[in-house]
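Trainee: I have a new structure to read. Can we go through it together?

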Amino acid sequence: MLKRFTVNGFKSFKDTFVFELDKPNGYNFNTTCVKNGVINHAIVYGRNAVGKSNLGLAIFDIVSHLTDKESKNYLYNNYLNAENDLGYATFEYLFEFEGVEVRYCYTKKNYNKLIYEALYLDGKLMALSDLLQKIVHFKGTENLNKDIIEGLSIVKYIKSNTTLRDTKEKKVFDMFLSYIDRMLFFRSLEDRVYLGLEVGTKNINEDIIDKGHVQDLELFLQTAGVDCKLKEKVESNEKVIAFDFGEGRDINLFHVASQGTRALVLFYYWLQRLREESTVSFLFIDEFDVFYHHDLSEFIVKELKNIGIQFILTTHNTSIMTNDLLRPDCYFVMNSQKIKSLPNLTKKELREAHNLSKIYSAGGFDVK
């Protein structure tokens, strides 16, 4: 699980920005929102342009050089903060797998150029690469040619070019790489952009049809409050999902569906993968409910809670800032300098009966 993330000098993050998920407050309700002492479900609030989207991009920067999964260079234009005088951005991740802390840190000049990288397991340096040296302490890498790693990730190089000995360090290393390989970022806007997990663009209609999930999608939409009946058909030699109005009358779903329904179908496209055990390790949805009524927003959060994976959502919707869904330490408010959970933004002892949304609207959770 991701416990903590730190970034400096990247996009809107001029100074060191720390996102702590490893400091829950011990509430005795909605206990599944915390797993092994780490926030498992988080929702992030903040004014426009404070960097909520950039937070997601920063966390998923790791995908670009440790995996071969989907990455989009254009999202990382203007990579360095405009006031960055160092000429590089710094990233640090703290994970935990089976009780072992994995600290991974690196610096980059741009999206494609690593200049420093280090990996620690429970504080022990296992791999390091910078302009002066290349160090590897994994058993089984004694004959690894480290002279050709220049500009590449030493961690990915180890993954691709060695057979590590069967040790606890190898097991944790494999778990770490598998976790990164299965991270998923997407947003509910019309561009349908995503990062990680897969490669390339798939046809949403054909993907759902080929998986045999048209009727399950119909049930999902009905449960979300969309009164509809669906069918599959062929249109211009392509498989499409259509609204079925009976007596041979049908219309392509994407031709007439509202923005909200389209967003739900996009969410369902990814939900198919989220429901598959061990397919997705970590989920970040940017502006997850931009097209939803607040009831739909609540519905989506409940769906994700039922799956149980670690997720972070960004939103402006305060109607779902409620202890009925999550708990105070799972709601975060951010500005361009910092991000804090609600209990760390007030001297008031927050309890299950408190109306968090009302307190927030009254200015009770101000990040200063």
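Mentor: Start with a term: buried means under 20% relative accessible area, exposed over 50%, and partly exposed in between, with a 1.4 Å probe and protein chains only. This is a predicted model, where local features need pLDDT of at least 70, side-chain atom pairs count only at pLDDT 80 or more, and totals for chains, interfaces and linings use all residues. Residues are numbered from 1 along each chain as its sequence is written, and side-chain values use heavy atoms, with hydrogens and water left out.

Trainee: Is R273 buried or exposed?

Mentor: Find R273 in helix α8, residues 259–275. Helices here are DSSP runs of H or I, at least four residues, and strands are runs of E, at least two, numbered from the N terminus. The relative accessible area of R273 is 2%, so R273 is buried.

Trainee: Which residue has its backbone oxygen 2.8 Å from a polar atom of the R273 side chain?

Mentor: Look for a backbone oxygen beside that side chain. At 2.8 Å sits the oxygen of Y269.

Trainee: Is N237 buried or exposed?

Mentor: N237 is in the loop between β13 (230–235) and β14 (238–246). Its phi is positive, about 65°, although N237 is not a glycine. Most residues other than glycine have a negative phi. With 78% relative accessibility, N237 counts as exposed.

Trainee: At what angle do the axes of α3 and α4 cross?

Mentor: Each axis is a line fitted to C-alpha atoms over the stretch in contact, and angles run from 0 to 180 degrees between N-to-C directions. The axes of α3 (154–161) and α4 (168–181) come within 12 Å. They cross at roughly 110°.

Key:
Polar contact = N/O pair within 3.5 Å; in protein donor to acceptor, adjacent residues only side chain to side chain.
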